[in-house]
Amino acid sequence: MNVAVCAYGAGNVRSVVVAFERLGAAAEVTEDPRDVAAADLAVLPGVGSAASAMDGLRERGLDEALRERVADGGATLGICLGLQLALEETEEDGGVGGLGIVSGRAVRIRDGRVPRIGWATVEPSGEAFYFAHSYAAETPAATARSEGIVAVAEQGSFVGVQFHPEKSGDAGARFLERCLSRA
Amino acid sequence: MPLPRLIPCLDVAAGRVVKGVRFQGLQDVGDPVELGATYSGAGADELVYLDVKATLDGRPALIELVARIADRLAIPFTVGGGVRSVADAEALLAAGADKVSVNSAALERPELVRELANRLGSQAVVVAIDASGGEVRSRAGSRTTGRGAVEWAREAEQHGAGEILLTAIDTDGTRSGYDLELTAAVADAVALPVIASGGAGTARHVADALDVAQAALLASILHERPARLVTLREELRELGVPLRDAA
């Protein structure tokens with residue numbers, strides 16, 4: 001199983017690669033749209049802020065590559081900001097247009113302490129995953145929530161998660177394994 | 001709110017984990033990767049690695065260590081000590097750290113916090129505050145700054161900090177309990193998560209800290225016997241602290 005992890009800015013993508021390697025997949029960080037098209041599973045990790053991330057994707061042609069991939073039914077996983085970027089727009093950085101792969105938008109979290117950081121239970125599974133975010137998705141494509149916040153959204157062949165499966169211990173590894181088995 | 005977090009802290013010097021009392025007298029307590037893996041297996045929610053020597057010529061070794069930690073662990077970890085620029089922070093995150101913590105450099109140039117937040121996102125930026133008698137100290141506690149801890153926490157938040165790691169120097173390593181008054185004052189002053197640090201001796205101390213802060217840093221209480229984390233979690237559960245199911 002071959003996993004392409006999109007690199008488009010500053011942040012920790014190494015942990016995503018390592019998490020897939022632990023599961024026996026061949027994962028590689030790439031800036032090349034052709035790798036995104038060819039992989040069994042493409043991953044859009046969340047790094048940096050929304051505006052710089054979208055710029056980074058566009059500069060490398062990864063925005064088009066991801067849209068085309070999902071349109072063709074290729075399994076694609078967005079993590080944290082990767083979910084938010086897949087939406088139509090986000091409030092972050094004064095308003096940024098997203099990839100439009102998933103209906104809806106990302107809005108600033110208004111309750112509790114922000115950033116929302118830590119392990120929180122995701123329903124309906126009841127498992128705890130690690131979150132670290134200041135914005136959250138509002139989308140009709142939500143399939144799981146955590147404390148009312150969208151934790152998973154699925155549209156077509158795209159699955160977006162607000163939590164970090166690569167940092168969520170055994171529960172995270174089980175989640176990534178399911179992503180691989182569906183790819 | 002997410003669940004309360006227990007965060008073992010590993011002070012690192014020359015590739016080994018060390019621990020001092022009131023920031024003095026460093027003792028070797030183990031290998032950073034092995035100890036981190038032990039804590040992860042025992043139910044740690046996150047880890048913090050602080051490079052207490054933070055020398056410039058030690059940076060390549062630190063980056064290599066961070067990569068080895070990231071290869072081994074599947075829980076988040078923060079790295080601090082000697083982070084003075086966006087480039088320093090980027091190198092740590094690229095190696096596999098999830099967050100960086102800044103202390104003295106941010107006191108000297110608070111704009112650094114904003115630069116880090118803009119580049120990496122606030123969630124990756126921890127501002128560590130060492131305080132004595134409510135006053136901020138810099139350079140591993142050795143220098144007075146004339147700044148109040150509450151005031152500096154607020155300023156750090158305005159600059160885009162994602163979390164405040166508040167260490168009470170007077171209780172650090174003493175196992176006499178966290179400085180709850182100071183922790184509560186800082187937690188009330190900001191809307192960020194606050195990590196209480198310095199003074200954990202008993203489960204009750206930790207439970208009390210988690211009443212006012214969102215996470216508790218654990219160091220001396222664990223280092224002689226890392227398996228203490230397992231019993232500590234059980235005791236905290238009995239005290240009604242809702243920790244995650246770590247299995």
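The largest nonpolar core has 148 residues, and those with the most contacts inside it are Val100(B), Ile164(B) and Ala216(B). The element that gives the most to this core is strand β7 of chain B, residues 125-132, with 6 residues. The model is predicted.

**A residue of the core**
- Ala216(B), one of the residues with the most contacts inside the core, touches Leu6(B), Ile7(B), Ala196(B), Ala200(B), Val206(B), Ala209(B) and Leu210(B), leaving aside residues up to four places away in sequence.

**Chain B as a whole**
- Chain B contains 10 helices and 12 strands.
- The C-alpha trace of chain B spans about 45 × 35 × 35 Å along its principal axes.
- For 247 residues, a compact globule would have a radius of gyration near 18 Å, and the 16 Å of chain B agrees with this.
- Of the 247 residues in chain B, 52% are buried.
- When contacts in chain B between residues at least 6 apart in sequence are considered, 66% of them join residues at least 24 apart.

**The contact between chains A and B**
- Chain A brings 29 residues to the contact, and chain B brings 33 residues.
- On the side of chain A that touches chain B, at least two residues each come from α1 (14-22), β8 (116-122), β9 (127-133) and α6 (169-182) of chain A.
- This side of chain A consists, by class, of 13 nonpolar, 11 polar and 5 charged residues.

**An open sheet in chain A**
- In chain A, 7 strands form an open sheet with mixed pairing, in the order β2-β1-β3-β4-β13-β12-β11.
- Strands β2 (26-30) and β11 (142-146) of chain A stand at the edges with a single partner strand each, so one side of each has no neighbour in the sheet.
- From one strand to the next, the twist averages 20°.
- Strand β1 (residues 2-6) and strand β3 (residues 41-44) of chain A run parallel and are joined by 3 bridges.
- Within this pair, Val5(A) stands opposite Val43(A) in β3(A).
- Helix α1(A) packs on the sheet, where it touches β1, β2, β3 and β4 (76-79) of chain A. The direction of α1(A) makes about 165° with that of β2(A).
- Helix α1 of chain A also supplies at least two residues of the side that touches chain B.

**Backbone details**
- Most residues other than glycine have a negative phi, and most peptide bonds are trans.
- The peptide bond from Val114(A) to Pro115(A) is cis, with omega near 0°. Pro115(A) is located in the loop between β7 (105-108) and β8 of chain A.
- Glu123(A) and Pro124(A) are likewise joined by a cis peptide bond, with omega about 15°. The loop between β8 and β9 of chain A holds Pro124(A).
- Asp93(A) is not a glycine, yet its phi is positive, at about 55°. This residue, Asp93(A), is in the loop between β5 (89-90) and β6 (96-97) of chain A. With 14 other C-beta atoms within 10 Å, Asp93(A) is partly exposed.
- Ala14(B), also a residue other than glycine, has a positive phi near 50°. Its place is the loop between β1 (5-13) and β2 (16-21) of chain B. Ala14(B) is partly exposed, because 13 other C-beta atoms lie within 10 Å.

Conventions: Residues are numbered from 1 along each chain as its sequence is written. Chains are lettered from A and ligands numbered from 1 in the order in which they are written. This is a predicted model: local features need pLDDT of at least 70, side-chain atom pairs count only at pLDDT 80 or more; totals for chains, interfaces and linings use all residues. Two residues are in contact if their C-beta atoms, placed from the backbone, lie within 7 Å. Helices (H or I, at least four residues) and strands (E, at least two) are DSSP runs, numbered from the N terminus. Ala, Val, Leu, Ile, Met, Phe, Trp, Tyr, Cys and Pro count as nonpolar, Asp, Glu, Lys and Arg as charged, and the others, Gly among them, as polar. A nonpolar core is a set of buried Ala, Val, Leu, Ile, Met, Phe, Trp, Tyr and Cys residues joined through C-beta atoms within 7 Å. A residue is buried if 20 or more other C-beta atoms lie within 10 Å of its own, exposed if 12 or fewer, and partly exposed in between; C-beta atoms are placed from the backbone. Two strands pair if DSSP finds at least two bridges between them. Axes are lines fitted to C-alpha atoms, for helices over the stretch in contact, and angles run from 0 to 180 degrees between N-to-C directions. The radius of gyration is taken over C-alpha atoms; the globule rule is 2.2 Å times the number of residues to the power 0.38.
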